Amino acid sequence: TIVTYTGTRNDELLENVDTDSDTDVVTAETGTGTDDLALAEPLLDSTMETSHSSEGDEGHLVHFTLLEAIQTSLFWFLVVSLLTVVGSGLMLIVNLGQLVFVVGLEKNHKIMYVTLLSLFNCIGRLLMGALSDFFFLRFKIKRLWMFAATLFLMSCAMILVSTGSEDGLFLGTVMVGTAYGAVFTCMPPLISEEFGLKHFSAITCTMHVRI
């Protein structure tokens with residue numbers, strides 16, 4: 001099929017069909033002459049990739065390198081806070097059996113408390129992921145505040161455990177398990193939100209190197 005355009009842009013289209021031709025050639029005749037065009041191709045809808053800023057608005061995401069990240073106060077705040085939360089959780093995990101005896105409970109309660117800690121560790125991981133997304137998308141609350149809530153929860157748990165009472169150990173174990181699980185769910189999106197994704201692996205591994 002040979003399609004010929006005659007005249008200027010707004011002139012009528014004249015089509016001459018040649019059934020013996022095997023190729024479709026498009027030519028355009030203007031007032032000044034005839035130009036051969038390339039084989040016609042379907043137009044594709046052009047899409048532009050957009051990135052989101054750390055606040056969640058449309059814009060350009062700032063990607064920190066590892067050297068740039070360690071020069072910020074936020075990086076070291078997260079490192080110290082992470083060590084505090086994880087260290088407190090590990091302390092209770094390692095010594096939970098001894099703490100059960102200290103508060104005057106029998107040996108069979110040790111299994112119950114270990115199970116309780118593991119259960120709420122799992123619940124904390126599930127809840128923090130859902131809650132951080134909900135508050136961020138609904139109320140624009142950054143995940144840094146969710147991490148701060150995790151720190152506060154762990155601090156309250158340590159106070160309860162230090163009372164040496166059975167009720168304090170029970171509530172403290174529930175809260176420690178929740179906060180310990182939540183921090184591991186909260187940290188990856190928090191790091192990507194504050195430092196970008198280009199050097200995400202290097203920054204995350206550096207923060208967790210002391211754990």
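Glu-193 counts as buried at a relative accessibility of 6% (buried means under 20% relative accessible area, exposed over 50%, partly exposed in between, with a 1.4 Å probe and protein chains only). The model is predicted, so local features need pLDDT of at least 70 and side-chain atom pairs count only at pLDDT 80 or more, while totals for chains, interfaces and linings use all residues. Residues are numbered from 1 along each chain as its sequence is written, and side-chain values use heavy atoms, with hydrogens and water left out.

**Glu-193 and helix 5**
- Glu-193 lies in helix 5 (helices are DSSP runs of H or I with at least four residues, numbered from the N terminus).
- Between the C-alpha atoms of Glu-193 and Lys-142 there are 8.5 Å, although the two residues are 51 residues apart along the chain.

**Helix 2 with helix 5**
- Helix 2 (residues 73-102) packs on helix 5 (residues 166-195) at an angle of about 155°, and their axes are 10 Å apart (axes are lines fitted to C-alpha atoms over the stretch in contact, and angles run from 0 to 180 degrees between N-to-C directions).
- Helix 2 and helix 5 are therefore roughly antiparallel (angles over 145 degrees).
- Their crossing is left-handed (the near helix is turned anticlockwise from the far one by less than a right angle; right-handed if clockwise).
- The contact of helix 2 with helix 5 involves 21 nonpolar residues, three polar and one charged (Ala, Val, Leu, Ile, Met, Phe, Trp, Tyr, Cys and Pro count as nonpolar, Asp, Glu, Lys and Arg as charged, and the others, Gly among them, as polar).

**Helix 2 with helix 3**
- The angle between helix 2 and helix 3 is about 150°, with axes 9 Å apart, and the two are therefore roughly antiparallel.
- The crossing of helix 2 and helix 3 is right-handed.
- Leu-92, Ile-93, Leu-96, Gly-97 and Val-100 of helix 2 meet His-109, Lys-110, Tyr-113, Val-114 and Leu-117 of helix 3 (contact means heavy atoms within 4.5 Å).
- The residues of this contact of helix 2 with helix 3 comprise seven nonpolar, two polar and one charged.

**Helix 3**
- His-109 lies in helix 3 (residues 108-139) and is partly exposed, with a relative accessible area of 25%.
- The buried residues of helix 3 include Tyr-113, Leu-117, Asn-121 and Phe-136.
- These buried residues pack against helix 2, helix 4 (143-162) and helix 5.
- Lys-140, which follows helix 3, has a positive phi near 60°.

How values were computed:
Parallel < 35°, antiparallel > 145°, perpendicular 65-115°, else oblique.
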